[in-house]
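Here are a few notes to read with the model open beside you. Take them one at a time and find each spot as you go.

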Amino acid sequence: SLALANPFTSIAARQSKVFIVEVNKHMPRVFGDAFVHISEVEAIVENHVPLLETPLPQPRPEDEIIGQSMVELIPDGAVLQLGIGTLPNAICPFLTEHRDLGIHTELLGPGMIDLIKKGVITGRRKSLHQRKHVFSVCYGRKDDFDFMNDNPSMECYPSSYVMDPAVISKNDSMVAINSIIEVDLTGQCNAEFLGGFQYSGTGGQLDFVRGAYA
């Protein structure tokens, strides 16, 4: 199982001439299009080390203000995509009264996993991958990884599928929430540059905007 990260790994593995895997017993076993068969593997290297843990970032005061106002735009049964940064995660604590939310996201973080544990995110109303929590990359804490291990509701797919606007648009009531750095009076958004330097990449932001609009 490719477990926590499958942005392009499964695609590259099937195109490679020599495929070598590193196996770590601490990595959770995750379902979806995230498996390779041992017959496809040239060599196995065992390296059993604890996984890097990433705690929830501490929200800033303005994040909480924005988060509280954002939840009013999210109906029960919505399918969520949350981007990276403090703001998307600041929304999660205010969603505890919502019902039957779903996940179709590039990045799966601790805030969303907490909502799954609380029964807020069920995927019950999803029109695509019903009752499944779909993602490409996950970060979090050890208890998050333990929760994901052998959990049939967690499904990891490559970004070429998860971030395809045509696939995203098949989710009824799709809500995409991402951070940007600047916005001008015409609505143009800057999500990459700060002070003349590259600050971040857009990732799947534009794909999810297009998919959610569709």
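This is a predicted model: local features need pLDDT of at least 70, side-chain atom pairs count only at pLDDT 80 or more; totals for chains, interfaces and linings use all residues.

1. Start with the largest pocket, which has a volume of about 660 Å³. It is lined by 27 residues, and those closest to its centre are I84, G85, S179, I180 and S200.

2. Helix α2 has the largest share, with 3 residues.

3. What sort of residues line the largest pocket? By class, there are 13 polar, 10 nonpolar and 4 charged residues.

4. Now move to the second largest pocket, with about 400 Å³ of space. Its lining has 15 residues, and S1, L2, V21, E22 and V23 are the closest to its centre. Strand β1 (residues 20–23) gives the largest share of this lining, 3 residues.

5. The lining of the second largest pocket splits by class into 10 nonpolar, 3 polar and 2 charged residues.

6. V18, I20 and V45 together make a nonpolar patch of about 270 Å². One of them, V45, belongs to strand β3 (residues 43–46). Is V45 buried, partly exposed or exposed? Its relative accessible area is 42%, so V45 counts as partly exposed, since that class runs between the 20% limit for buried and the 50% limit for exposed.

7. A3 has a positive phi, near 60 degrees, although it is not a glycine. You'll find A3 in the segment before α1 (9–15). A3 counts as buried because its relative accessibility is 0%, and buried means under 20%.

8. The other one is R131, also not a glycine, with a positive phi near 65 degrees. R131 sits in the loop between α4 (110–117) and β7 (133–135). With a relative accessibility of 47%, R131 counts as partly exposed. So A3 is a buried residue with a positive phi, while R131 is a partly exposed one.

Methods: Residues are numbered from 1 along each chain as its sequence is written. Side-chain values use heavy atoms; hydrogens and water are left out. Patches are made of residues with over 30% relative accessible area and no salt bridge: like charges are joined within 9 Å, nonpolar side chains (Val, Leu, Ile, Met, Phe, Trp, Tyr) within 5 Å. Accessible areas come from the Shrake-Rupley method with a 1.4 Å probe; for residues, only the protein chains shown count as cover. A salt bridge is a side-chain nitrogen of Lys or Arg within 4 Å of a carboxyl oxygen of Asp or Glu. Helices (H or I, at least four residues) and strands (E, at least two) are DSSP runs, numbered from the N terminus. Buried means under 20% relative accessible area, exposed over 50%, partly exposed in between (1.4 Å probe, protein chains only). On a 1 Å grid over the protein atoms alone, a cavity is a set of points where a 1.4 Å probe fits but cannot get out, and a pocket is an open set with protein on both sides within 12 Å along at least five of seven lines; lining residues have an atom within 4 Å of a point. Grid points are joined across faces, edges and corners, and a volume is the space filled by probe spheres set on the points. Ala, Val, Leu, Ile, Met, Phe, Trp, Tyr, Cys and Pro count as nonpolar, Asp, Glu, Lys and Arg as charged, and the others, Gly among them, as polar.
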